[in-house]
Amino acid sequence: MKIFISADMEGATGVVHRDQLVPEGKTYERARKLMTADINAAITGALREAPEAEFIVCDGHGVMRNIILEELHEAAQLVIGPASPENKPLCQSQGCDESCDLAFFTGYHSRAGTPGGLLAHTWVGSTVCNFRINGEIVGESALNGAVVGHWDVPVGLISGGSELEAEARATMPEGFVWVGTKQTYGYTAALCLPPARTKKLLEEGAAEAVRRFKQGRLKPCKPALPVTMEVEVYRREMAEKAARAPGIERTGERSFATTAKTTIEAATRMWTAVCRAQDEEPAWLK
Ligand SMILES: [Zn+2]
């Protein structure tokens with residue numbers, strides 16, 4: 001059995017503030033350890049139900065060099081490196097393919113525009129104000145769910161701040177296990193569980209996700225094909241630059257879209273367009 005883990009940082013245990021999310025931050029080194037520990041807990045729990053399982057982990061946050069490889073569980077391999085479209089066209093889902101059976105999303109966060117959402121954004125906080133799949137506004141959980149769903153890989157476990165649960169339940173197939181790492185108060189504050197608690201919750205959640213998978217209770221995220229993905233950005237210039245990417249058409253003053261035969265093709269084009277929309281190459285892409 002092969003499990004793909006897409007790992008973000010905003011929803012990880014104890015993370016509530018931008019200082020924890022960037023390498024320049026004073027508290028970043030501690031946050032990296034917390035993020036890595038969450039992933040290890042999910043792996044440990046899954047191994048209880050599937051001792052032979054292997055894991056591909058994609059570091060899916062910012063510079064994408066956050067997870068501490070020397071502390072990562074030995075059953076895993078890690079996708080490391082910035083998500084330039086040439087490097088990692090699938091962005092936070094790079095490393096998933098037809099050989100994977102099941103996916104976990106750890107450390108996830110709510111979508112751009114979520115009222116009071118903890119560090120809420122979609123892909124690039126400064127750029128994307130709405131992301132739609134076939135007309136429905138989604139966040140990174142449903143977006144990456146649709147990408148891994150291309151290979152019929154269901155999402156069995158999602159962890160993050162409390163407000164993400166409602167978003168995930170509204171936009172993803174039912175059946176996944178939800179693990180809340182903290183009770184969100186606002187954009188940069190939450191009531192956080194200590195790692196000693198989230199470790200147990202993630203272990204139990206991952207074990208339950210594998211049981212549900214084996215019982216055939218999980219469904220992959222399969223948007224109707226051909227699929228249309230549309231992004232609305234904050235400024236007109238961003239849409240102008242993005243619309244120069246291949247396969248992208250302008251749909252409004254601040255929006256652009258693509259229609260493709262597969263979710264991975266559409267998501268790859270969209271990620272390329274969103275990277276092109278940047279004013280200059282941002283530090284997280286270098
Ligand atoms: Zn992130």
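Among contacts in the protein chain between residues at least 6 apart in sequence, what percentage join residues at least 24 apart? The answer is 67%, where two residues are in contact if their C-beta atoms, placed from the backbone, lie within 7 Å. Before we go on, keep in mind that this is a predicted model: local features need pLDDT of at least 70, side-chain atom pairs count only at pLDDT 80 or more, and totals for chains, interfaces and linings use all residues. Residue numbers start from 1 along each chain, following the sequence as written.

Let's begin with the whole chain. The protein chain contains six helices and 12 strands; helices (H or I, at least four residues) and strands (E, at least two) are DSSP runs, numbered from the N terminus. Its radius of gyration is 17 Å, close to the 19 Å that the globule rule gives for 286 residues, so the chain is as compact as a globular protein of that length. That radius is taken over C-alpha atoms, and the globule rule is 2.2 Å times the number of residues to the power 0.38. Along its principal axes, the C-alpha trace spans about 50 × 45 × 30 Å.

Next, look at how the chain is divided. Its domain assignment gives domain 1 (2-124 + 139-214) and domain 2 (227-285), with bounds that come from an automatic or database domain assignment. Taken over C-alpha atoms, the centres of domain 1 and domain 2 are 24 Å apart. Where they touch, domain 1 supplies 15 residues and domain 2 supplies 11 residues. The side of domain 1 that touches domain 2 has 11 nonpolar residues, four polar and no charged. Here Ala, Val, Leu, Ile, Met, Phe, Trp, Tyr, Cys and Pro count as nonpolar, Asp, Glu, Lys and Arg as charged, and the others, Gly among them, as polar.

Now let's go inside. Of the 286 residues, 52% count as buried, meaning that 20 or more other C-beta atoms lie within 10 Å of a residue's own; a residue with 12 or fewer is exposed, and one in between is partly exposed, with C-beta atoms placed from the backbone. In soluble globular proteins, nonpolar side chains tend to be buried together. A nonpolar core is a set of buried Ala, Val, Leu, Ile, Met, Phe, Trp, Tyr and Cys residues joined through C-beta atoms within 7 Å. The largest one here has 89 residues, of which Ala 42, Val 57, Ala 103 and Val 274 touch the most other members. Helix α1 (residues 28-49) gives the most to this core, with nine residues. Each of domain 1 and domain 2 contributes at least three residues to the core. Leaving aside neighbours within four places in sequence, Val 57 is in contact with residues including Ile 5, Ile 39 and Leu 72.

All of it is buried, 10 of the 10 residues, so α2 is largely enclosed by the rest of the structure. Among the elements covering its buried residues are β1 (2-7), β4 (102-108) and α6 (263-276).

Finally, visit some backbone details. Most residues other than glycine have a negative phi, and most peptide bonds are trans. Cys 91 has a positive phi of about 55° although it is not a glycine. This residue sits in the loop between β3 (76-79) and β4, and Cys 91 is buried, with 26 other C-beta atoms within 10 Å. A cis peptide bond joins Leu 225 and Pro 226, with omega about -5°.
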